[in-house]
Amino acid sequence: MTIQTHEITLQKRRFKAILLFGALIFVSFMLIPAFQMARSGAWEGIALFAFLIFAEWLFISRAREYLYRDVRLVVESDGEAITFYNTNSAGKVWNKREIRELPKLTRFYTVRTRTRYLMYNYSYAFDGHGWLSGETVDPFPSLYEATEQDRNSVLAFVKMVHPEVALGYESAWSKLTKGK
């Protein structure tokens, strides 16, 4: 069986990166007084210092992810399963998600959610044969996004791989009124 592949190049989210680097600088400056508190032997200072070290490590790992040159979303299918994952120019693969039993899926659509920073995050969702059988795939790293045209090209690729799947969101009300 041949594997069909579709790739899109993701764009960096500059505003979210500015927030990330601001938080990284803030935590870096907070490490100095927390270290002084930890040296005094107070358990609160030690706990605060450990928490800030963990936060610094988390922000540095996210910043390193942002500094990748070329991040792509790859969608592969062999007819029975579909796999979403991210890759960069160095060949690192992460954020891998596989959806099995592709023939059982009935609907594939884009989900838009609003973040607390007044931005939108996008993901995809599959519906199976059940009414509440949605399965969400979050293929975009937090500091990257795809254009609407690229998101729609992924929808078209899934439709090409599995022609029986319906594209687009259908609400519960439209499902109920469809039979009339």
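**Helices, salt bridges and surface of a predicted model**

Me: How far apart are the end C-alpha atoms of helix α3 (residues 148-161), and what span should its 14 residues have at 1.5 Å a residue?
Reply: The model is a predicted one. With 14 residues at 1.5 Å each, helix α3 (residues 148-161) should span 20 Å. That expectation agrees with the distance between its end C-alpha atoms, which is 20 Å.

Me: Within what arc do the buried residues of α3 fall, seen down its axis?
Reply: The buried residues of α3 are R151, V154, L155, F157, V158 and V161. They line one face of the helix, because the view down the axis of α3 places them within an arc of 155°.

Me: Which exposed residues does the face of α3 turned away from its buried side carry?
Reply: The buried side of α3 includes F157 and V158. The face turned away from that side carries two exposed residues, E148 and Q149.

Me: Against which strands do the buried residues of α3 pack?
Reply: R151 and V161 are among the buried residues of α3. The strands that the buried residues of this helix pack against are β1 (4-9), β3 (72-77), β4 (82-87), β6 (107-114), β7 (120-127) and β10 (166-167).

Me: How far apart are the end C-alpha atoms of α2?
Reply: Helix α2 comprises residues 43-66. Its 24 residues, at 1.5 Å each, should span 34 Å. The model agrees with this, since the end C-alpha atoms of α2 lie at a separation of 35 Å.

Me: What does the cover of the buried residues of α2 include?
Reply: In α2 the buried residues are G45, L52, A55, E56, A63, E65 and Y66. Their cover includes β2 (11-12), α1, β5 and β9 (144-145).

Me: How many salt bridges does a search of the whole structure find?
Reply: One of the salt bridges joins the side chains of E7 and R72, at 3.1 Å from N to O. Another joins E98 and R100, whose closest N and O atoms are 3.2 Å apart. The search of the whole structure finds a total of four.

Me: How many residues apart in sequence are the parts that E7 and R72 tie together?
Reply: The side chains of E7 and R72 meet in a salt bridge. E7 lies in strand β1 and R72 in strand β3, so the pair ties together parts whose separation in sequence is 65 residues.

Me: Which residues are linked in a network of salt bridges?
Reply: R72 meets E7 in a salt bridge, and its side chain also meets that of D70, at 2.7 Å from N to O. R72 is buried, with a relative accessible area of 18%, whereas E7 is partly exposed at 46% and D70 is partly exposed at 26%. The network of salt bridges links E7, D70 and R72.

Me: At what relative accessibility does R100 count as exposed?
Reply: R100 forms a salt bridge with E98. E98 is partly exposed, with a relative accessible area of 37%. R100 counts as exposed, its relative accessibility being 60%.

Me: Which residues does Y68 touch, not counting those up to four places away in sequence?
Reply: Y68 has its place in the loop between α2 and β3, and at 14% relative accessibility it counts as buried. Leaving aside residues up to four places away in sequence, Y68 touches K12, N88, K92, W94 and Y144.

Me: What is the phi of N95, which is not a glycine?
Reply: N95 is found in strand β5 (residues 93-99). N95 is partly exposed, with a relative accessible area of 34%. Although N95 is not a glycine, its phi is positive, at about 60°.

Me: What accessible area do F15, L19 and Y117 have together?
Reply: L19 lies in helix α1 (residues 14-39) and counts as partly exposed at 34% relative accessibility. With F15 and Y117, L19 forms a nonpolar patch on the surface. The accessible area of the three together is about 280 Å².

Technical notes: Residues numbered from 1 in each chain as written. Predicted model: local features only at pLDDT ≥ 70, side-chain atom pairs only at ≥ 80, totals over all residues. Heavy atoms only, no water. Patch = residues over 30% accessible without salt bridge, like charges linked within 9 Å, V, L, I, M, F, W, Y side chains within 5 Å. Areas by Shrake-Rupley, 256 points an atom, 1.4 Å probe, with all protein chains shown as cover. Helix = DSSP H or I, 4+ residues; strand = E, 2+ residues; numbered from the N terminus. Buried < 20%, exposed > 50% of the residue type's maximum accessible area, 1.4 Å probe, protein only. Expected span 1.5 Å × (residues − 1). Arc of directions from axis to C-beta. Contact = heavy atoms within 4.5 Å.
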